Amino acid sequence: GASLRFTVPPEVHDGLLALARESRATLYMVAQAGLAALLTRLGAGEDLPIGGVVAGRTDEALDELVGFFVNTVVLRTDTSGDPTFRELLGRVRESDLAAFAHQDVPFERLVDAVGANRSLARHPLFQVMLVLQNTEQARFAFADLSADWRWVDAGVAKFDLSFELTEQAEGGLAGLLEYSSDLFDPETAERICERFVRVLAAVAAEPDQRIGRIEVLGAAERRQVLEEWSSAPRAVEELTAPELFAARVAAAPDAPAVLFEGGELSAAELDVRATKLARHLVDLGVGPETFVALALPRSVDVVVAVLAVWKAGGAYLPVDPAYPAERISYMLEDARPRLVLTRSDVADRVPAGRPVVVLDDPAVIAAVEAQSAAELVSPARLSNPAYLIYTSGSTGRPKGVVVSHTGVASMLAGQVDRLEAGPGKRVLQFASPSFDAAFWELSLGLFSGAALVVAPADKLLPGEELAQALTGFGVTHVLLPPVVLAAMEPAEDLLPGGWLVSGGEALSGEAAGRWATGRHLVNAYGPTEATVAVTLSAALSGTATPPIGTPLANARLYVLDSGLQPVAPGVVGELYIAGPALARGYLGRPDLTGERFVADPHGPAGSRMYRTGDLARWGADGQLRYAGRADHQVQLRGFRIELGEV
């Protein structure tokens, strides 16, 4: 254990005394309410047992009796419902008086009565103690010998945190915090003391404010979590996805853009194929604010179709032909796409009555080939949809997430900056087109100037097949979920010196330790409701649980409490996302969109932020660490599943 001293200024002390008198409470009760408010704001919960001590001399017969009669009491403090501090003080007064009515019950008997589990690692019933010394300090004088009090730090902490406040004759409170050095470092303990004094000063000045609005953070800490750590400003040219691809084609038209079994397509060749199909789609009514469903197996056709839809100004909706018929029908009925692009080998998976374009039908092939290959400028604008992805819904109905072009350029900038993507690199298209991770791979492979590697599904099975695809194509960049990493061995010839991005679910320290040697392993995070990923970690090493990293270019991330106030570093809160990466919302679900995409009180006027439902905390190094879910959503092998849909 260790200890440190702090001071409550005289003017704050006077304000606390005045508040105690107004509320028919004691100074101790005011300090206890202030400590409880602080602990709640620091993530300790809303039902807080705080330890206190009583003199144990309730009987007058004990007044002159020598002996140690001090007893420990447990003061249960209820901070639920975000009360005003004055209301909280009323609760504390009521519960303390009830506890003091039974103060003669020995603490050991209380522990036995409630059946508390005893442990050498912690104190039973409470781990935080608060003591107020408000009696005159004894003086000792023996003839010619004088004596005085001296504090001796024994280097032992009896509790996790123990606060002692002593009233000073000249005014103010002298504070002492004794803390467990196994749980808190000196810097953290010092910040706790600063926050305690800040809370006491705030409630002395304005006791009718709600405890959720009390400013716990200092100006420097607030700036740190809301500005310095939460964002990564970067100047980017705001281009749509088809404009980014056009820039790549113009920069290196003859460079390979897509690699596949038995061949490759240069950027110019891919552009011609996409342009011809796009002109055919325009003839069929595709344009901005229209969706085109892609019911296609993994193939180069998917890449061409995505680019063609963008060039026509539309947005693509991936529909996995292997999905259950009921889900396919629901998605198509809900999205009502202008067209469904498919192939003859899976066309029977598309429900009857839908406007279908079978890409390998001879008549369609002839119609597409008859189109001009001249450059087609996409009419899509930044605010128009780029893609529509369906994700699990809590009501049992999947919900469609509409993502615009607004955040694509920033995502690409983050990929280039953080993953060294660019010409000469090769990116594996591993994710199913039905996941937004496939869009991440397409951007990383095509827009950066690298080449996208496309392989059939049976060549991407975790194990030997996937290993052969990685080595055979000379892949330098791949995004794999942890479940795939767990099923494979990190052989030396897999991505030597390359970049392995883990995403889709939490990455364990054990998996990180296995895969971090011989290649750059980074952890990515991002929900479907943003443009794929919004954070990346630095290259990982060791077996500690890896962080999810820091914001990608122009993304803003906040860790907030239930009152949308920033929490202190190290405190778990709910993760919110803001910035250009945000999706437009849920297709045809304005109620749900309004519930999850809320006003951003910490950003520019009129800006929004997305409530992820994920819990996280800021580390001392400024990196985010994932801490689970705030709701009942689960993840299984990279799939986000609302239990209501099961």
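Residues are numbered from 1 along each chain as its sequence is written, and side-chain values use heavy atoms, with hydrogens and water left out. Because the model is predicted, local features need pLDDT of at least 70 and side-chain atom pairs count only at pLDDT 80 or more, whereas totals for chains, interfaces and linings use all residues.

The chain is divided into domain 1 (2-134 + 149-216) and domain 2 (239-381), with bounds that come from an automatic or database domain assignment. Taken over C-alpha atoms, the centres of domain 1 and domain 2 are separated by 66 Å.

Helices (H or I, at least four residues) and strands (E, at least two) are DSSP runs, numbered from the N terminus. Helix H1 (residues 10-22) and helix H5 (residues 186-205) cross at roughly 55°, and their axes come within 9 Å; axes are lines fitted to C-alpha atoms, for helices over the stretch in contact, and angles run from 0 to 180 degrees between N-to-C directions. That angle makes H1 oblique to H5 (angles under 35 degrees count as roughly parallel, over 145 as roughly antiparallel, 65 to 115 as roughly perpendicular and the rest as oblique). In the contact (heavy atoms within 4.5 Å), Val12, Gly15, Leu16 and Leu19 of H1 meet Leu200, Ala201, Val203 and Ala204 of H5. These residues divide into 7 nonpolar, 1 polar and no charged, where Ala, Val, Leu, Ile, Met, Phe, Trp, Tyr, Cys and Pro count as nonpolar, Asp, Glu, Lys and Arg as charged, and the others, Gly among them, as polar.

A second pair to look at is helix H8 (residues 267-283) with helix H9 (residues 300-312), which pack at an angle of about 55° with their axes 7 Å apart. This makes H8 oblique to H9. The residues of their contact comprise 14 nonpolar, 1 polar and 4 charged. Among those meeting across it are Leu270, Asp271 and Arg273 in H8 and Val300, Asp301 and Lys311 in H9.

Turning to the strands, two count as paired if DSSP finds at least two bridges between them. Strand E7 (residues 161-167) pairs with strand E4 (residues 128-133) in the parallel sense over 6 bridges, and Leu130 stands opposite Phe163 in E7. E7 is also joined by 7 bridges to strand E8 (residues 173-179), and these two run antiparallel, with Leu161 opposite Tyr179 in E8. The hairpin of E7 and E8 has 5 residues between the strands, and Gly171 there takes a positive phi near 100°.
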